[in-house]
Amino acid sequence: MPSHASWPVSRPGKRASDLLSSSLPPDFLEDPLVPRENAKKPWYPCASAPFTPMFFLLALVVLGGLLARFWRARRNNAVLSLRGPEAPSFVFGNMLQLQGSATYGEHEYKWLEEFGTVYPVKGCLGQTRLMISDPEALKYLLHNQSVSWASTQQKSVKMLFGYDSLFISRGTRHAHLRRIMNPWFSASSVRTMLPIMRDAAQRLVENWESQGFFGKTVDISPTLHTASMDVISETLLETPMHGLEGKTSLSQIQNVLIDNLSGAGNVGQLMEAVIPYIPDWLFKILLRLPIPGLGTLKDYHRVTDDLTMKLLAAKRAAGETSDRSFVGKLASANDFSRPWTGIKEKDIPVHVRSMLMAGDRTTGDTLSWAMYQIARLPEFQASLRKEARAAQMSGEEIDYDKLPLLNAFLYEILRYYPALPLADRIAVEDFVLPLSKPVITKSGASITQLPIQKGQDIYLALASYHRMKSIWGEDAHEFRPSRWMEAEPPGNGLGMGQHGALLAFLAGHGICIGYRLAMLNIQVLVSTLVAKFAFALPEDDSVRPSFVITLVPKTGDGKSALPVVVSMAD
Ligand code: HEM
C-alpha cells in the first residue's frame, strides 16, 4: 500500500496560506483554511449557557418532525409494498452501504440486479428512500414538477450560495433565471472561451514540467482540479485567478468547504436526516452562531462577494453593464415588473457562487477519472495521442467535438463515473410514477405504476441507471469507450439525456447549464495532456471511486488522490 508521504503531489502552488493572492480583498484572512475559532472549544452550541434553550428547542423541533414523518410514511404507503435490502441498523439504515462503501456501487449494483430499478432503501432513523433508475420513471421526474431538491440539499444551497440560487428556484423563477443565463452557456459563447482553456492547459503542462516529477508516481488530482477551476473562475469573473501558479485558488477554498460539509462521516449522515426538520428561521439563527467551519464559509462569501462587486463596479465605470459577460447578463436583468423577474444586485454573487461551486468538483473529478483510465489503458492511450497530435498538426482550428476517440472516451467516462451518482429529491405532491417494466411487490403482485405520497424521499439513482444492461448491454459494468462509436449512441431514441441515453448532466428543465463549458474544458485539457505526456498506473494502484457528494478517486488507504506515473510521451 503506498503511503502518501512517498508520492510527490502535483501541487498547483505553494503553501495553504498563499492560496489567496493580491487579487483578493486586503482585509482577507491571513489563512482562510485555518478556522479562526479555537479548535479546542466545544463545537456544539449547548456547551455554553446562552445556547442551552436553543439546543433544546432544536431537539424538540427535530424530534417532532421525525415522529410526524414516521407516522405519515406508515399510512397506506405503496413504496413500503416493494422489496428492498434489509437495513443493517435503525440509526444508519442502508446509508453506510450506499454512500460509505470503500468502492462506490459495491452494494447498489447488487441491489439493482436483485430488486430491479425501483426499490426502497432505509435512510437514517427509519426514513424510507426510494431508489429510482427506471428510465420511464426518471423521465417523468425530470420533466415534471412533482419533485424538488431535497430539504437538506436546499438548506445546503442556501447556506453555501444564498437564497436565490438557480439550484433551488422552481417554476417560473427557475425558467426566468435560465433564460437570462442560457445564452452565456450556449455553444457559440462557450467557443469564445477556448483561448482561456488552451492557456490553462498550457500552464498545466509547464507546471508539470517545472516540477520535474517525470518517471515518478505523482498525485495529479490537485493540479487537474486547479487547472479546470482556473478556467471556470476566469470565464465567470473575467479575472485570471492563477491557481496553478499558487495564487488565488477558489478551487482549494471550495474544497475545504465541501470537505467540511461532506467529511463529517457518520455524523454527517445523521445530520442529513435531521436538517430537514429545522425550520428556515432557526437555520438562519444557527448559521450566525460561532460554530467552527462557518468561519471559512463566511470568508468564502466575503471573497466571492468582493470579486463580483469589484467587477461590476469596473463595468459600471466603463459603461459596460449590459455586455455579454456572465456578470453583465445578470446585471442587466433589471425588469422587476413581476414577482419572478429581475435579479437584485445583492444576489449577483449568489449566482456566481452557484456556478463556481457547481462546476468545480464535477469537472475536476471527471477529468481525474479520464486521466486514470488513460493510464489504465496503454493501447487506447496511444490511439488517443495519435488523434490529438494529428488534430494539433493539421494547422486548422481544432473542432474538439469532431475527435471521435476523444469523445467516445469522455462519454464512457461520464457513464462509468457520473460526477453525481445520486440526485436527492423529495415529492412535493402526491403523484403516480409510471414504470417502463413491471415491478413485483413483496406480496407477489405485479405493478406497472407506483403511487407516490407527498414528502417521499427519492434518489435519482444515476449511477445505477448508467449500469442497466437493458440500455448499455450485457457488458454495462465494463469500461468500454467503443460502445459510443457504434452507428447509434447507446440508448438513442429513449429520449433521455443530451447524448444517447447519458444522464451524467441530467435532463429536462434542470439539465446542467454548464455542460458545454465542462465538456470543452475537459476536451482541451485531456487532448493537450495526452499529446504531450505518457501515463501509467503504479504497480500498487488501489484507486477506486468513493462517494463524497461527487465520485472522488481515493486510494486503498482512504485518501483522496490519483497517483499515476507520468513521463514525456515519445
Ligand atoms: C463534468 C462536469 C459536470 C457535470 C458531470 C455536471 C453535472 C450536473 C448535474 C448532474 C446536475 C443536476 C443536479 C441536480 O439537479 O441534482 C447539474 C446541474 C447544474 N450544473 Fe453541472 N455539471 C458539470 C459541470 C458544470 C459546470 C462547469 C457548471 C457551471 C460553470 C455547472 C453548473 C450547473 C448548474 C448551475 C446546475 C443547476 C441547473 C438548474 O437547476 O437549472 N455544471 N450539473
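The model is a predicted one, in which local features need pLDDT of at least 70, side-chain atom pairs count only at pLDDT 80 or more, and totals for chains, interfaces and linings use all residues. Residues are numbered from 1 along each chain as its sequence is written.

The ligand is surrounded by 23 residues, the closest being A358, G359, T362, C512 and G514; a residue belongs here if its C-beta atom, placed from the backbone, lies within 6 Å of the molecule. Two elements give two or more residues to this shell, α15 (348-376) and α20 (515-532). Helices (H or I, at least four residues) and strands (E, at least two) are DSSP runs, numbered from the N terminus. The largest share, seven residues, comes from α15. By type, the shell divides into 15 nonpolar, seven polar and one charged residue. Here Ala, Val, Leu, Ile, Met, Phe, Trp, Tyr, Cys and Pro count as nonpolar, Asp, Glu, Lys and Arg as charged, and the others, Gly among them, as polar.

C512 lies in the loop between α19 (469-472) and α20. An unreviewed UniProt entry covers C512 with the annotation "binding site"; such annotations may be inferred rather than shown by experiment. C512 is partly exposed because 19 other C-beta atoms lie within 10 Å; a residue is buried with 20 or more such atoms, exposed with 12 or fewer, and partly exposed in between, C-beta atoms being placed from the backbone.

Leaving aside neighbours within four places in sequence, L525 is in contact (C-beta atoms, placed from the backbone, within 7 Å) with A201, L204, A227, S228 and L367.

Strand β1 (residues 118-122) has five of its five residues buried. In a regular strand the side chains alternate between the two faces of the sheet. In β1, V118, P120 and K122 are on one side and Y119 and V121 on the other. β1 pairs with β2 (residues 128-132) in the antiparallel sense over five bridges, where pairing requires at least two bridges found by DSSP. K122 has T128 as its bridge partner in β2. Five residues separate the two strands of this hairpin, and L125 in the turn has a positive phi of about 55°.

Conventions:
Two residues are in contact if their C-beta atoms, placed from the backbone, lie within 7 Å.
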